[in-house]
Amino acid sequence: CSKSRQIKNINFEIPNILMACRKKSQAIKDTLKTLKKYKYCYDIINNIKCLLGKDNITEMAYHPICTVREHSTNLHNPNSNFELKKGDLILLDIGCKYNGYCSDITRTFPYSGKFTKEQSLIYNIVLKVNKYVIKNLKEGINFGKLENDSLKLLYLELEKLGLFLKKIDDENKMINLAEKFMTHSISHMVGIEVHDCGDINSLKEGMVITVEPGIYFNKKLKSDKTINQKELNKYFNIGGIRIEDTVLITKNGSKI
């Protein structure tokens, strides 16, 4: 199963995954144009489903996630009945199927249309890690090492904000501290299942994976003695931020 499915066929599978991503991306973009008219998270999901339905796309790749505030720290929150309030960041994780193949995209955006200073700082750290990973993807690399390097980058960026009580140089400790804020792996395979089978550690041309760094201000951080609580309070109400792209591995790089 793993060997037969981890490399996607360039004539059929990749075009279908690409189309699933394009259709989903356009539906998200169109929904953002009318964001302020929605009152609840489920209104956003329903509008995206409606837009896709006009293209005769009715199958979702997974249960859509649309959350705000502390609810966004629950990675697979099944609820979307949260009222949208001024100052909220909306975390939208949604994907559809096209001819049986999945897309998986996450975007985080301000309900008001404008980030606060604190939201912008954290968002741009997540975006920096996202771009760093994608830039370094190509056939033959060890993905485990790249993931660890991305966690070290995440630590260094959070350390600049003063979120840790002590500055450290030990790589393993840096990774462990970063994992307190990013509580999931940074990638998985995508195909006929949204979490498709295959060995992601050694990347090969034709693989399709996600790149999905995130930062989550969960309740556990409040009692963590390695965290600067004064600085943490500045960002705690943000909840969670994740940016996720579906990416094709090529011989010399990658393509979103």
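**View 1. Strand E5 is largely enclosed by the rest of the structure.** Of the 6 residues of E5 (residues 105–110), 5 are buried. Buried means under 20% relative accessible area, exposed over 50%, and partly exposed in between, with a 1.4 Å probe and protein chains only. Strands (E, at least two residues) and helices (H or I, at least four) are DSSP runs numbered from the N terminus. This is a predicted model, in which local features need pLDDT of at least 70, side-chain atom pairs count only at pLDDT 80 or more, and totals for chains, interfaces and linings use all residues. Residues are numbered from 1 along each chain as its sequence is written, and side-chain values use heavy atoms, with hydrogens and water left out.

**View 2. E1, E2 and E5 form an open sheet.** The order is E1-E2-E5, with antiparallel pairing. Two strands pair if DSSP finds at least two bridges between them. E1 and E5 are the edge strands, each with a single partner, so one side of each has no neighbour in the sheet. Neighbouring strands are turned by 15° against each other on average, direction ignored. E2 (residues 89–94) and E5 share 6 bridges. Ile94 has Ile105 of E5 as its bridge partner, and Asp93 stands opposite Thr106.

View 3. Axes are lines fitted to C-alpha atoms, for helices over the stretch in contact, and angles run from 0 to 180 degrees between N-to-C directions.

**View 4. H5 and H6 are roughly perpendicular to each other.** The axes of H5 (residues 143–160) and H6 (residues 171–178) come within 8 Å. They cross at roughly 75°; 65 to 115 degrees counts as roughly perpendicular.

**View 5. Ser72 sits in the loop between E1 (65–68) and E2.** Ser72 is buried, with a relative accessible area of 1%. It touches Thr67, Leu91, Tyr216 and Gly240, not counting residues up to four places away in sequence.

**View 6. The structure holds 0 disulfides.** A disulfide is a pair of cysteine sulfur atoms within 2.5 Å. The sulfur of Cys66 is 4.0 Å from that of Cys41, its closest cysteine sulfur, too far for a bond. For Cys96, the nearest is that of Cys21, 7.9 Å away. Cys66 is buried, at 0% relative accessible area, and Cys96 is buried, also at 0%.

Methods: Contact means heavy atoms within 4.5 Å. Angles under 35 degrees count as roughly parallel, over 145 as roughly antiparallel, 65 to 115 as roughly perpendicular and the rest as oblique.
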